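Welcome, and please take a moment to look over the structure shown here. The paragraphs below will walk you through it, one region at a time.

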Amino acid sequence: MSETLAESVDLARLSTGDGDFDARLDALLAWEGVSDAEVQERVAEIIAAVKVRGDAALVEYTQRFDRLAVGSMAELTLGADRLEQAYRGLPEQQRDALAQAAERIRLYHERQKPESWSYTEADGSVLGQQVTPLDRAGIYVPGGKAAYPSSVLMNAIPAHVAGVREIVMVVPTPDGVLNELVLAAAHLAGVDHVFTIGGAQAVAALAYGTESVPRVDKIVGPGNIYVATAKRAVFGQVGIDMIAGPSEILVVSDGGTDPDWLAMDLFSQAEHDEDAQALLVSWDESHLDRVEASIARLLPTLEREAIVRESLARRGALIHCRDRDEAVQLINRIAPEHLELSLAEPEAMLPQVRHAGAIFMGRYTAEALGDYCAGPNHVLPTSGTARFSSPLGVYDFQKRSSIIHCSEAGASTLGRVASVLARGESLTAHARSAEYRIKGD
């Protein structure tokens with residue numbers, strides 16, 4: 001059965017006991033998100049034009065790439081009234097769902113908010129840390145067919161909770177298509193300015209500012225290869241959240257979860273695009289067979305069947321491992337964006353998981369709930385970067401400043417230590433600066 005179904009859905013079956021397992025897994029995980037020289041050159045030209053020509057360049061590129069007949073930035077600017085109109089105009093069910101999701105996201109992120117702190121030493125010196133929000137944040141929201149109001153909430157609400165004074169959103173509208181849900185989400189999330197521009201030109205406008213678009217301190221949000229390349233190019237001029245790769249899910253199952261549920265969980269990521277990745281790991285091989293059968297049966301029922309089929313063929317796999325310990329090793333090797341622990345007792349495995357963007361515990365916690373309304377952020381590290389990075393959060397929209405306030409006695413004590421170290425580095429001005437504050441014996 002397994003061989004027949006594998007051919008029908010073109011889905012890889014791997015086993016950790018196979019001699020070529022490591023090579024096959026590495027090939028599946030390989031993802032090169034760096035753009036080629038031609039894309040980089042084109043993006044550099046666009047950024048340079050926006051820096052020099054400002055609004056005029058934005059209008060020109062919007063005419064060309066989004067196929068819009070516009071004459072000025074005024075036609076590409078949406079005010080607060082338009083955002084509220086979009087929210088009020090939604091069907092009640094959509095409006096309520098959006099509001100519930102926004103409130104849950106807000107409540108979760110309120111708990112993330114770090115506080116300033118300080119302590120006083122015996123000699124009266126005070127040391128501490130001051131936490132301050134960014135002045136202005138820029139949010140890139142994909143437009144057209146890939147319009148995601150949930151991304152507006154997930155990017156803007158943490159910035160609002162962090163205390164960011166001004167939130168600027170850019171969203172392209174190819175052929176003039178405006179997504180009312182996206183605008184309604186911007187209203188709920190407290191976005192201050194919306195410009196219907198996109199691509200590398202929108203990133204450049206946020207990074208450098210134009211006559212109409214305010215310059216921001218940090219740019220967050222997903223986009224295509226031109227957006228990602230532009231974000232990489234302007235990093236240093238502004239902060240960025242991450243260079244995101246395709247969406248991915250790793251499900252670990254003990255064999256007790258309904259195979260149809262798991263098949264749909266895998267589909268939920270594979271339907272994003274053809275480069276998305278869906279992996280299932282289990283030490284129960286017969287369970288993998290049952291999930292494979294569910295995949296073959298349910299795949300034709302999907303509206304985005306062609307995309308899911310291609311995604312599974314390119315980067316999907318069902319992986320048989322020896323036991324739970326080996327499953328944990330695979331988790332930490334893959335460092336997935338989304339990790340489902342579809343287990344009877346997921347709490348037992350959780351302490352061993354070192355690398356994952358978001359962890360969905362138990363059989364009832366579908367990853368899709370986290371995408372929309374559970375509360376935690378769905379902007380997560382991809383392509384193995386969960387080894388060293390974290391979900392987007394309030395802390396990404398805040399800075400930390402060290403506070404040092406020496407008393408006279410503290411300056412004298414520290415001055416002696418600093419003097420020795422500074423002279424050891426042959427930095428005598430450093431030493432003398434510290435020595436001036438040393439009290440005489």
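Helix H12 (residues 285-298) lies across strands S1, S10, S11 and S12, and it runs at about 170° to S12. Helices (H or I, at least four residues) and strands (E, at least two) are DSSP runs, numbered from the N terminus. Angles run from 0 to 180 degrees between N-to-C directions, with axes fitted as lines to C-alpha atoms, for helices over the stretch in contact. This is a predicted model, in which local features need pLDDT of at least 70 and side-chain atom pairs count only at pLDDT 80 or more, while totals for chains, interfaces and linings use all residues. Residues are numbered from 1 along each chain as its sequence is written, and side-chain values use heavy atoms, with hydrogens and water left out.

What does the sheet under discussion look like, and in which order do its strands come? Six strands form an open sheet with parallel pairing, in the order S1-S12-S11-S10-S13-S14. At the edges are strand S1 (12-15) and strand S14 (358-361), each of which pairs on one side only. Two strands count as paired if DSSP finds at least two bridges between them. On average, neighbouring strands of this sheet are turned by 20° against each other, direction ignored. Helix H11 (residues 259-270) also packs on the sheet, touching strand S10 (248-253), S11, S12 and strand S13 (338-342); the direction of H11 makes about 165° with that of S10. Contact here means heavy atoms within 4.5 Å. Within the sheet, four bridges join S11 (residues 277-282) to S12 (residues 317-320), and leucine 280 stands opposite leucine 318 in S12.

Elsewhere, strands run antiparallel. Strand S3 (residues 117-120) is joined to strand S4 (residues 126-133) by four bridges, with tryptophan 117 opposite glutamine 129 in S4. The hairpin of S3 and S4 has five residues between the strands, and glycine 124 there takes a positive phi near 95°. S4 is also joined to strand S15 (residues 398-405) by eight bridges, again antiparallel; valine 131 has arginine 400 in S15 as its bridge partner.

Now for some residues named in a record. An unreviewed UniProt entry lists Tyr140, Gln201 and Asn224 for "binding site". They span 85 residues in sequence, yet no two of their C-alpha atoms are more than 12.6 Å apart, so they gather at one spot. UniProt positions are given in the numbering used here, feature names are shortened, and annotations may be inferred rather than shown by experiment.

Is tyrosine 140 buried or exposed? Tyrosine 140, in strand S5 (residues 136-140), is buried, with a relative accessible area of 5%. (Buried means under 20% relative accessible area, exposed over 50%, partly exposed in between, with a 1.4 Å probe and protein chains only.) A polar atom of the side chain of tyrosine 140 lies 2.8 Å from the backbone nitrogen of glycine 199. Glutamine 201 belongs to helix H9 (residues 199-208) and is buried too, at 3% relative accessibility. Not counting residues up to four places away in sequence, glutamine 201 touches Ile46, Val50, Leu58, Tyr61 and Phe65.

Finally, how far can you trust the picture? The chain averages a pLDDT of 94, and 97% of the residues score at least 70; pLDDT is the predictor's confidence in each residue, from 0 to 100. Over residues 1-7, pLDDT stays under 50. Where pLDDT is low, the predicted coordinates should not be read in detail.

Definitions and conventions
Polar contact = N/O pair within 3.5 Å; in protein donor to acceptor, adjacent residues only side chain to side chain.
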